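Please find below a short note on the model, in numbered points. Cut-offs are given where a term first comes up.

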Amino acid sequence: MSFFSEIFSNEILWVSIFACFFAQFLKIFSGEKGIDISRIIVSGGMPSSHSSFVSCMSTMIGLKYGFSSDLFAVAVVVSLIIMYDASGVRQAVGKQATILNQLIEDWQKKKEIKQEKLKELMGHTPKQVFFGGLLGIIIGLIF
């Protein structure tokens with residue numbers, strides 16, 4: 001089997017990618033303004049596509065190789081690190097961006113400074129990570 005045919009026949013990879021894209025698609029409908037097509041390309045928001053991606057991968061690995069396998073354990077550890085980062089570190093970066101944007105606005109009122117606003121929606125709330133993870137598990141179980 002060639003490299004490309006092996007990649008294209010990897011069900012765990014492609015279903016996990018589908019879970020990620022499906023979570024991104026759902027963001028269109030979960031914004032504060034109702035339906036917003038532009039949300040399909042943003043990071044952050046409900047549900048977490050990162051969490052959906054890795055939880056789907058872990059679920060499918062568990063189903064294929066067993067939930068007591070070493071491969072499943074590695075997948076879960078990597079998934080938990082990614083989900084923690086999505087809700088912890090990246091969320092804190094988003095809060096810092098909000099504060100920095102306010103400082104820049106206040107500073108611009110005093111001086112003529114041109115500074116692009118920083119992206120504030122970087123991470124996820126624990127709720128967004130939970131529902132992204134749940135979505136990934138459900139998709140993994142369906143496929």
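Which residues does S52 touch, not counting residues up to four places away in sequence? Point 3 takes this up, after the basis of the values and the overall fold.

1. Basis. This is a predicted model, in which local features need pLDDT of at least 70 and side-chain atom pairs count only at pLDDT 80 or more, while totals for chains, interfaces and linings use all residues. Residues are numbered from 1 along each chain as its sequence is written, and side-chain values use heavy atoms, with hydrogens and water left out.

2. Overall fold. The chain has 6 helices and 0 strands, in the order α-α-α-α-α-α along the sequence. Helices (H or I, at least four residues) and strands (E, at least two) are DSSP runs, numbered from the N terminus. Of the 143 residues in the chain, 34% are buried; buried means under 20% relative accessible area, exposed over 50%, and partly exposed in between, with a 1.4 Å probe and protein chains only. Where residues at least 6 apart in sequence are in contact (heavy atoms within 4.5 Å), 65% of those contacts join residues at least 24 apart.

3. S52. This residue is found in helix α3 and counts as buried, because its relative accessibility is 0%. Leaving out residues up to four places away in sequence, S52 touches A19, C20, A23, G132, G133, L135 and G136.

4. S48. The loop between α2 (11-26) and α3 holds S48, which is buried at a relative accessible area of 0%. Its side chain makes a polar contact with the side chain of S51 at 3.0 Å. A polar contact is a pair of N or O atoms within 3.5 Å; within protein, one must be able to donate a hydrogen and the other to accept it, and residues adjacent in sequence count only if both atoms are side-chain atoms. With residues up to four places away in sequence not counted, S48 touches A23, H124, Q128, V129 and G132.

5. T125. In the loop between α5 (89-110) and α6 lies T125, partly exposed with a relative accessible area of 30%. T125 and G45 are 80 residues apart in sequence, yet 8.1 Å apart in space, C-alpha to C-alpha.

6. Second largest pocket. How much space lies in the second largest pocket? The volume is about 170 Å³. A pocket is an open set of points on a 1 Å grid over the protein atoms alone, where a 1.4 Å probe fits, with protein on both sides within 12 Å along at least five of seven lines; lining residues have an atom within 4 Å of a point. The lining includes S55, F67, M83 and I137. Helices α3 (49-65), α4 (70-87) and α6 (126-142) each supply at least two lining residues, and the largest share, 5 residues, comes from α4. By type, the lining has 6 nonpolar, 5 polar and no charged residues.

7. Aromatic pairs. The whole structure has 8 aromatic pairs. F25 and F29 form an edge-to-face pair, because their ring centres are 5.3 Å apart and their planes lie at 75 degrees. Rings of Phe, Tyr and Trp (its six-membered ring) pair if their centres lie within 6.5 Å; planes under 30 degrees apart count as stacked, over 60 as edge-to-face and the rest as tilted. F25 is partly exposed at 36% relative accessibility, and F29 is partly exposed at 44%. One aromatic cluster is formed by F18, F22, F25, F29 and F143.

Conventions: Grid points are joined across faces, edges and corners, and a volume is the space filled by probe spheres set on the points. Ala, Val, Leu, Ile, Met, Phe, Trp, Tyr, Cys and Pro count as nonpolar, Asp, Glu, Lys and Arg as charged, and the others, Gly among them, as polar.
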